[in-house]
Amino acid sequence: MAGSRKNMRKKDTGDMGGFTIIEVVLVLAIAGLIFLMVFIALPSLQRSQRDTERRNKMANVQTKVMDYQNNNNGKLPNDGSVDAVEDGQLANMDDEWECSRTNPNAAKCFIRNYLNGVNATENEFVDPQGWAYGLTIETLDEDEFFLQPSDYEKYMVYIEKKAKCDGERAIPSNNARDYAILVKLEGSGTYCRSNNG
């Protein structure tokens, strides 16, 4: 009987143990791999979400251009331009974005009167990264060289009149009421949205 107790004790102490060094290294390697995959994928996912928000804002711009046309007998806004502004430098609507008879910049007036809320005190037409969008409204002439996606600037929205989309760029259209809205995407390329499909 004494001999069997001795054998039992040996079995009990032999079964006790922890993780081997190989098991610990394996778990750490798998955790590190998962962390690395998340670390690599997260910025790409965030860029993709911001680009989706930019596309949605361009749908809103198109709605506002249609509102402008409805209020102005089908005409598009006059040509004009206003630069993008860093959020930290964003002035209130009475200063930077003034739209009056003495300062009739078509782009500023379109931002102030159509792209912002009725009682906006600050510019609400802002990129997901915090910059106030710039806006260029211009007529795309048939003789003009087609703009490439790389020609468009970050934080700028372009309304090309007498134009339609051809992939990521605007090309001339014969219809005076046609327009294309373009914005540079953060991921890659340019998003073009047209009123004529």
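Guide: What follows covers a helix, a sheet and a disulfide. This is a predicted model, in which local features need pLDDT of at least 70, side-chain atom pairs count only at pLDDT 80 or more, and totals for chains, interfaces and linings use all residues. Residues are numbered from 1 along each chain as its sequence is written, and side-chain values use heavy atoms, with hydrogens and water left out.

Visitor: How many residues does helix α2 have?
Guide: Helix α2 spans residues 21-71 and has 51 residues. Its first and last C-alpha atoms are 75 Å apart, close to the expected 75 Å, where the expected span is 1.5 Å times one less than the number of residues. Helices (H or I, at least four residues) and strands (E, at least two) are DSSP runs, numbered from the N terminus.

Visitor: Where does α2 bend?
Guide: The bend is at A41, by about 25°, and the proline P43 follows within four residues. The bend is the angle between axes fitted to the seven residues ending at a residue and the seven starting there.

Visitor: Which residues of α2 are buried?
Guide: They are D51, R54, M58, V61, Q62, V65, Y68 and Q69. Buried means under 20% relative accessible area, exposed over 50%, and partly exposed in between (1.4 Å probe, protein chains only). The cover over these residues includes α3 (106-115), β3 (156-161), β6 (179-184) and β7 (190-194).

Visitor: What does Q69 touch?
Guide: Leaving aside residues up to four places away in sequence, Q69 touches G74, K75, L76, R177 and Y179; contact means heavy atoms within 4.5 Å. Q69 has a relative accessible area of 12% and is therefore buried.

Visitor: Changing topic, what is the strand order in the open sheet?
Guide: The order is β1-β2-β3-β6-β7, with mixed pairing; two strands pair if DSSP finds at least two bridges between them. Strands β1 (80-82) and β7 each have a single partner strand, so one side of each is left without a neighbour in the sheet.

Visitor: How do β1 and β2 run, parallel or antiparallel?
Guide: They run antiparallel, joined by three bridges. S81 has T136 in β2 as its bridge partner.

Visitor: And which cysteines form a disulfide?
Guide: C165 and C192 do, with sulfur atoms 1.9 Å apart; a disulfide is a pair of cysteine sulfur atoms within 2.5 Å. The pair links distant parts of the chain, C165 in strand β4 (residues 163-166) and C192 in β7, 27 residues apart. C165 is partly exposed at 23% relative accessibility, whereas C192 is buried at 12%.
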